[in-house]
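Here are a few exercises to work through with the model open beside you. Try each task yourself before reading its solution.

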Amino acid sequence: MNFPIVGIGASAGGLAAFEAFFSGMPEDADPGMAFVLVQHLAPDHKSILAELIRRYTRMQVFEVEDGMPVKINCAYIIPPNRDMAFLNGTLHLLAPTEPRGQRLPIDFFFRSLADDQHERAIGIVLSGTGSDGMFGVRAIKDAGGMVMAQTPESTEFDGMPRSAIAAGVVDYELPPADMPAQLITYAAHAHGYLASKAAVVNDNTMKKIFILLRAQTGHDFSLYKPSTVHRRIERRMAVHQIATVEEYVKYMQKTPAEVDALFHDLLIGVTNFFRDPEAFLVLEEQVLPKLFAGKPAGAVVRVWVAGCSTGEEAYSIAILLQERIEALKISYTVQVFATDIDSRAIAAARVGLYSASIAADISPERLARFFMLEPGGQSYRIHKGIRDMLVFSEQDLIKDPPFSRLDLISCRNLLIYLSTELQKKLMPLFHYALNPRGLLFLGTSEGVGDFTDMFNVLDRKAKVYQRKEHFAGLPRASLGRFLPPMTAIEAAMPRHTGKTVFPAKLPLRELTERALLEQIAPAGALVNVQGDILYLHGRTGMYLELSPGETGVNNILKMAREGLRQDLSMALHKCAVTQKAVRYPGLRVKTNGHFTLVNLSIRPVPTNATPMQEIADPVASPLSNEALLYLVILEEAPEQIPQPAQTGSPPALNEDEAQALAQASASIAALREELRAKDEYLQSTHEELESSNEELKSSNEEMQSVNEELQSTNEELETSKEELQSVNEELATVNAELNTKVVDLSRANNDMNNLLAGTGIATVFVDHQLRILRFTPTAAEIINLIQSDVGRPVGHIVSNLVGYTSLVADVASVLDTLAPQDKQVQTTQGAWFAMRIRPYRTLDNVIEGAVITFLDITEMKRIETALGKANQLARLAVVVRDAHDAITVQDLEGSITAWNPGAVRMYGWTESQALQMNVLDRVPAALRDQTLAQALQLGRHELVEPFHTQRLAQDGTVLHVIVTATALINDAEQVYAIATTERLDPSPGASP
């Protein structure tokens, strides 16, 4: 497959974005790529998205079927209630495992697309709520692909595009209509003509790019693998349509933001929880028990996770540590140091917030125990107890100092992106940072390389190693890899402090032994089984010399001079196997142009017998043969002197003949010794070859067995292919028939939508399980509904109705009895609606749910209330008019506002005259203060009992009356007037 695959993800508001996207495609040319659309669809309804997309594109549009191959210039639509994956050029459908509302089909598809297509994968995120697609586009970017996102301003729902943009991996932010042109331009540069001509990147140009990166970011990428750096540079060139690397360097100089973009592209952020489950199972069951073994309660466990990215691996290890501590039921202090070069990744790791898609990588038990589901169900947050175990920090593994005294180092899937030279620098660093018998956890494609002298293999497949301890001085030797070397002579020399320094007095025995060693003992070297030199004694220059090139660990086999190397290698191997002393006398070693006879001896030196190691680790178990050291002794052999002729021997030879005979004898002896050595070497080589042949034979038998299994599998696949082709033909026939029905259904659906929207009547359709099937826009104002509520039970939705909580029961009653119900309900805004619940009947008279409608009757209710009040006032007016008593109303200032006919008859003033008067005008002067006090008492909401008093008539007559005063209160609970009923007093003698 040599064309790009474009994955497009959308959710709410995605239909309009799809239409705008495909409307922007060129009408007279093919795009030269394939499109796969992943939309959040209702799982229990057939989708008509394929039919809708066909109206806006000249390409063929298919609803995906399982195993469907992807062809160029075609579009493919995910079917409802399915997850979709991409593998070997085909689309595969899977039943979703997550519950509805927590599924992330866009992330699922984008990840599979990245794993399969790598740099040919393109991800586009359109309108939608939540964060689905965020982790998927990160995977596409890390695989070398390209990412687009819809501008949030052009979306109906901006949750998904904003999440993708916040991840920092989006190359283009565009409206959907502008995306096709940019997409075609990018594909032409990345996968078209320019891609066919490999970009020429010379060392000088690369150094300029590294200089620009180091100057702006402070990080050196010159020791990264060239292939990784080249791919990222070519991708950035394709994004900006730049043809040559030289032009790209100029662009970087003019655009500092591009330097940051390349920097973030070079950072490899592919990670997830419990990545490589088999390796983490080994870590859980085999490695962590070793880590805690022998540690007392309260001990500190220190772990370093190097290159932690956004923290998934660090949190995974912390979870395993917590589970192990709980299983042991012992308290420990755990410190997990998680570091990375990417500040943005460290910031995300500190927050500890992850997409709901992590549920695919974590068991339900761990997910429930160590994570908290955030409101909305779109993300999980790590539990505080686990978060507190970790310390996140920004660190450059290359230049920053390491942590120390560590029990475990996890550096997974980072070394594969670094050059061999840099890996050789990091292995001694890890060795130095670890405690004795500390553990190293690497990625499945990584290893310790040539540093087998520093690490033992605990699990070769899971890449778990343990630090070796050869002897007590080894940690100091490892640290010396990072510091300037100090020779033994320099270490023994006294420091110059300006004063005369006298050596300390040594015991006579030690002084004598040292003098004898310097005069008598031959040259020697202490080495390990690989031949690495740990200590040199005496003058070894006659036998050893440094090899040209970089110097790392000095190896005696590489330093041996001509004539010594082969016998030294064979003797060291023989001594390691037999664990007995080996001696090779009379070796002819070339030294400064002539040959010197040398006696070679090698003897094993067990390290568990050394007092230094007993002090360093008194409880250590005896080491294996591989951990033994070996003493190599090199001493010059004396020249052989010919013996004088004995009595009775053959006639004496002259001096020249004797010398020639002696030389010939010496040569013959040397040749015989060399021949014997060759025979031994060939014999050992022969044994190794036989062992290798046995292993190859065993491997060949395994391969034959695997080949037979593959052939059987291939036959099964051929049979399955034929069956799928037959099913595909049947489905194609059925699909053609259904397409016609879909068109009619689409038209009817559009008519119904317009009808419901045009009537303005709020309508909600529910099924037998009371789940919402459809609703009109006006219904959202009465019941809090959004588009994603389709499929949810109506009882889960919070309504705006006041005092009405029996909606679910009423709908259930209608479905049970098929008897319609009508009720009047009021919203929190004060609007009134006539609610009607009717059974939903199909054309076949089958009940498939219920229809709830709300008709606005607010105005009718207002008129009804007004009429009620008017009727009450009318009835009250009749009572007041026909009453014999004088009924008056006065405001709080005493002005008369009402005067009934009874008052006219009692006092003589007409209604028009009375309305111009104040109540005090009708009160005798002596009683006015009492009247004012009573008015104030009523204004304070205090009760005033009926009382006897006097009032003046129009003709000046003083009338004795009984007054009943009542305070009139408005809706605000305030007194606004006083009503009085006044009746002539039948017993005036009681008046005041």
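Predicted model: local features only at pLDDT ≥ 70, side-chain atom pairs only at ≥ 80, totals over all residues.

Residues are numbered from 1 along each chain as its sequence is written, and side-chain values use heavy atoms, with hydrogens and water left out.

**Exercise 1.** Find the strands that pair with β20.

Solution. Start with the terms: strands are DSSP runs of E of at least two residues, numbered from the N terminus, and two of them pair if DSSP finds at least two bridges between them.
- Step 1: β18 (residues 434–442) runs antiparallel to β20, joined by three bridges, and Leu-440 stands opposite Tyr-465.
- Step 2: β19 (residues 455–459) pairs with β20 over four bridges, also in the antiparallel sense; here Phe-455 stands opposite Arg-467.
- Step 3: Look at the hairpin of β19 and β20, with four residues between the strands, where Lys-463 takes a positive phi near 60 degrees.

**Exercise 2.** Identify the residues with the most contacts inside the largest nonpolar core.

Solution. Such a core is a set of buried Ala, Val, Leu, Ile, Met, Phe, Trp, Tyr and Cys residues joined through side-chain atoms within 4.5 Å, where buried means under 20% relative accessible area (1.4 Å probe, protein chains only).
- Step 1: The largest core has 51 residues, and those with the most contacts inside it include Leu-283, Phe-371 and Ile-386.
- Step 2: Apart from this core lies another, of 46 residues, among them Leu-223 and Phe-451.

Terms used: Buried < 20%, exposed > 50% of the residue type's maximum accessible area, 1.4 Å probe, protein only.
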